[in-house]
Amino acid sequence: MSKTGTLKFDFNNMMSSMVGSEGFSEADIKELQPVAESAFNYFKNNRGKEMMGWADLPYNQDEIVDEINVTAAEIRKKYDNFVVLGIGGSALGPIAAFQALCHLRHNELPKKQRGVKFYVEDNIDPERMLALLDVIDVKKTMFNVITKSGATSETMAQYLIICDILKKRLGDKYAKNIIATTSKEKGNLIKLAKKEGYKTFYIPDGVGGRFSQLCPVGLLPAAVLGIDIKAMLEGARIMDEKCSSSDPYSNPALMAALLSYAAYKKGKNISVMMPYADSLKYIADWYAQLWGESLGKAVDLDGKTVNYGQTPVKALGVTDQHSQVQLYTEGPFDKIITIIGVEKFRKDLMIPKGAEEFPDVNFLCGHTMGELINTERVATEYALTRSKHLNNTIMLSEVNENTFGQLLMFFMLETAYCGAMLNIDTFNQPGVEEGKNATYALFNRKGYEKKKEELENAPKKNDKYII
Ligand code: PA5
């Protein structure tokens, strides 16, 4: 597979020349240019600092990449399975990379072709955990516990279960089957890792969960899968360099942010992410967290209550043409649809001839499936545009490590710019913390007595409303 490629952002169908008054004119963009410029400068001046440490990851991971690749090769040699225990930003990146860059039936391939089987356990549904334990031999499994805070209940619960099972099966040697990826100083996982002697990779400071795919959180699982992580980082660098101008016409992520911001201010409260490639299906999940958790905020940086946020929706082309696209073409003008297209599929399949007597079927014959999916993508773009619904397209020349890295960086930059335009803290997640704290209180964790009291005094449910 080639390790180069391009990403192009096509915003034609966001413009009034295509969708009339729903869209934007060049004058509208010009009017917003100062907002974009100030967001660009804010990001430029703060990148690498505090919670913007992620912006430097494409440039500062070289040393760790070598260590990761050595560890990954050992894991492939010694183990049959690699299981990630993590949630949110500690899971969605590894899932997206696995889907994008590995065989789409990876775990079902013969061992020689696939290396280790790969699982990401990002829920605490007991049936799911037990189902995993039914199909893996824990002795031959490497568990990668990923948690930046080292305290997330879901991940720590999974860790405790696995640890207990491993200890029973492997005795003293159990620690060899666990790798911890966590903060260097903060949290409990690092303390446990030191005490028990787990191999550990660190999540650098200034890298929040949803911005962490380009550090060991995402790089180790990817390397274990044989993905070229250097090429992924190179792709991120290419996009970062492509986004180094304060002029939105020369900076695709800045233009995407400006248009999202403008659309949001015009009442477009929903952002649909619709890749036309199964390999990119879970990029939409990763994006949903990035966009939702970063921009969904109650207060702005001046303390003003704003309750901002555009609701991210995941869709898959062409599958969801047969479920959601009716709504997108005829429903309310409350959304932007971002389509991700792929020029060249890594493999393609001819639709064979042989239906000459059925013209309504025969028109398909002699074309490839790749041609068909791309034609349907163009047709959907046309239908959305004709019905005056805002849409834009991100075109990848093909899906590979390089373009995947470009795509990640594009979305992270777009999110950072958009958050700066909205004057919010893009990198915190107080709403998530609230749920975490309520769980601690309900489970009687020490230090959460006040929260417990608050929960006990909250309005009680009325049985009348449960029928
Ligand atoms: O983006 C984030 O910071 C969150 O979604 C976290 O990734 C998620 O809550 C898991 O946290 P942690 O990695 O601390 O276990």
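**Cysteines and their surroundings**

Modeller: The cysteine sulfur closest to that of C215 belongs to C102 and lies 18 Å away, too far for a bond. A disulfide is a covalent bond between the sulfur atoms of two cysteines; here the term is applied to a pair of cysteine sulfur atoms within 2.5 Å. This is a predicted model, in which local features need pLDDT of at least 70 and side-chain atom pairs count only at pLDDT 80 or more, while totals for chains, interfaces and linings use all residues. Residues are numbered from 1 along each chain as its sequence is written, and side-chain values use heavy atoms, with hydrogens and water left out.

C215, at 0% relative accessibility, is buried, and C418 is buried at 2% (buried means under 20% relative accessible area, exposed over 50%, and partly exposed in between, with a 1.4 Å probe and protein chains only).

The protein holds 19 helices and 12 strands (DSSP runs numbered from the N terminus, helices being H or I of at least four residues and strands E of at least two). Its radius of gyration is 23 Å, close to the 23 Å given by the globule rule for 467 residues, so the protein is as compact as a globular protein of that length; the radius is taken over C-alpha atoms, and the rule is 2.2 Å times the number of residues to the power 0.38. Of the contacts between residues at least 6 apart in sequence, 75% join residues at least 24 apart, a contact meaning heavy atoms within 4.5 Å.

Some features of the backbone complete the picture. E50, in the loop between helix 2 (26–46) and helix 3 (57–60), has a phi near 40 degrees, a positive value in a residue other than glycine. In contrast to the buried C215, E50 is exposed, at 74% relative accessibility. K388, likewise not a glycine, has a positive phi of about 70 degrees; K388 lies in the loop between helix 16 (369–386) and strand 12 (391–396) and is partly exposed at 38%. Finally, the peptide bond from G317 to V318 is cis, with omega near -5 degrees, and V318 is in the loop between strand 10 (311–314) and helix 14 (325–330).
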